[in-house]
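The stops below go from one selection to the next.

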Amino acid sequence: MDTPPPMQSDAAAPAAAVDYSNLTTDLVIDIHGRLAFVDRLAVGAVFGAAGHAVKPEAPWLVLPGDTPETSRLYSVADRRVAAARAPDPAMRGCCVVGSSGGWVVTADTRARLHMANPVTGEQHELPAITTCPFFYVSNPTWPLFHVNILQDQLIRVRFGGVGGGEKVQAARLPLCTLVADQMRGWVYRKVILSASPQPGAYAAMLFLDVDRHRGNPAFATSDDPAWRVAPSPDGVEDAIHHRGKFYSITYSGVVEEWDRRGVDGVFTSRAVSRKLPAITDGGGGHHHRRYLVAAPGGGELMVVTKSFKVVEIGERYMDSERRVCFTVQVLDDGDEGGRWRRAASIGQAAVFVGASSNSVCVSTKAHPELRPDCVYFAADELVKGPFCRDEDRGFHSYHSCDEKKRVVGVYSLKDGGRAEGLPELGDHATWPPPAWFTPLI
């Protein structure tokens with residue numbers, strides 16, 4: 001593995017300050033194009049801070065480092081892994097729970113949420129979870145303090161107030177108390193940021209899992225820095241920021257568009273599609289997870305479904321294996337009511353999906369080093385220690401799993417579909433889960 005490049009926060013002070021801001025963007029792009037992967041990391045720390053904007057690269061993967069002070073960055077285009085210093089506190093010992101526009105969102109052991117740029121080291125805090133009225137802290141002495149969740153009240157808002165009362169009464173959800181560190185693997189599912197998040201101008205969407213009620217959406221903005229739970233009876237499975245708005249796919253398979261309305265600034269949704277048809281042919285087995293993706297250039301919306309199917313590999317009993325497969329369905333937004341069509345191919349494009357990442361679709365014409373008509377995927381399970389939370393087995397069901405295994409790969413939609421690993425990565429830690437992000441350097 002390559003030597004960590006000196007991030008700006010860790011670099012030694014130069015003898016004389018050098019002003020890079022007067023370099024033209026064309027010159028910076030020319031320099032950028034001549035550099036290898038590790039060199040681009042080091043230059044990104046300098047030019048990124050100088051305010052230069054270089055065209056986005058193909059997505060990178062951020063993984064745990066060999067020590068808490070480092071992280072590993074993998075470039076799909078370069079097929080190289082490099083170590084980078086993890087800025088404290090946003091990246092050091094934290095779990096990535098979202099990404100957008102060159103930034104990642106992390107959660108630390110104290111349940112705090114941060115925005116961080118893994119390349120430049122820049123970081124900013126997001127609002128505390130206790131700005132949401134359904135969360136409060138008790139026993140505040142670190143490291144034993146707890147986060148308490150008023151589950152009944154949160155779920156009542158999720159189901160629309162009075163109308164959801166019957167579901168809440170039937171569940172009779174008690175007060176839930178977690179050690180702060182458990183928020184990362186039990187409650188925070190994913191954070192979606194606005195397309196170009198900045199500390200003074202951002203919008204964020206957080207999915208909260210409470211008891212068996214998954215995907216409770218909450219929103220915060222720079223001008224209203226408090227998490228506010230929004231109604232979503234069906235729950236949010238995935239979301240993206242697209243054309244200046246948040247779009248989500250519910251667990252029932254409906255795409256919704258979110259708008260901030262009213263004097264109180266509450267986010268509400270409206271359906272923009274019909275229910276996603278079930279895939280009943282040979283396209284996949286048991287449904288595991290759906291991802292919402294937009295075609296390159298602000299194009300049409302797609303849903304990529306990851307599932308598993310059992311394939312017989314021998315004649316004897318139990319001679320079978322579980323294989324991952326992906327299917328793609330495209331939303332025809334020109335049709336009234338939003339019809340879906342199955343897509344056997346995505347052509348000259350590649351999709352990147354993962355439980356801890358904002359799903360993106362990249363043109364392979366613009367990035368010919370990527371494999372066209374493929375899905376690059378990262379782990380879906382939230383893993384910590386010897387246990388995994390498995391979507392298929394329920395919120396409270398756990399099973400043994402390896403802490404070092406290959407959970408990242410690429411799936412070809414051509415020739416009936418097949419999945420392969422990324423051999424340059426090798427075995428890697430599964431906690432914190434690896435996450436895709438698109439660096440802007």
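Select Trp60 and Phe437: Trp60 stands opposite Phe437 in strand E33. This is a predicted model, in which local features need pLDDT of at least 70 and side-chain atom pairs count only at pLDDT 80 or more, while totals for chains, interfaces and linings use all residues. Residues are numbered from 1 along each chain as its sequence is written, and side-chain values use heavy atoms, with hydrogens and water left out. Strands (E, at least two residues) are DSSP runs numbered from the N terminus.

Next, show strand E1 (residues 60-64) together with E33; the two pair in the antiparallel sense over three bridges. Pairing here requires at least two DSSP bridges between two strands.

Go to Arg79, in the loop between strand E2 (70-75) and E3. Its phi is near 55°, a positive value in a residue other than glycine. Most residues other than glycine have a negative phi.

Then pick Ala111, in the loop between strand E5 (103-107) and strand E6 (113-116). Phi of Ala111 is also positive, near 70°. Is Ala111 buried or exposed? Ala111 is buried, with a relative accessible area of 4% (buried means under 20%, with a 1.4 Å probe and protein chains only).

Now select Leu113, Phe135, Met183, Tyr188, Leu208 and Trp227, which touch the most other members of the largest nonpolar core, a set of 38 residues. Such a core is made of buried Ala, Val, Leu, Ile, Met, Phe, Trp, Tyr and Cys residues joined through side-chain atoms within 4.5 Å. Strand E12 (residues 203-210) gives the largest share of this core, four residues.

Last, select Ser359, Val360, Cys361, Val362 and Thr438, which lie nearest the centre of the largest pocket among its 31 lining residues. A pocket is an open set of points on a 1 Å grid over the protein atoms alone, where a 1.4 Å probe fits, with protein on both sides within 12 Å along at least five of seven lines; lining residues have an atom within 4 Å of a point. About 780 Å³ of space lies in this pocket, a volume filled by probe spheres set on the points. Strand E24 (360-363) gives the most to the lining, four residues.

Definitions and conventions. Buried means under 20% relative accessible area, exposed over 50%, partly exposed in between (1.4 Å probe, protein chains only).
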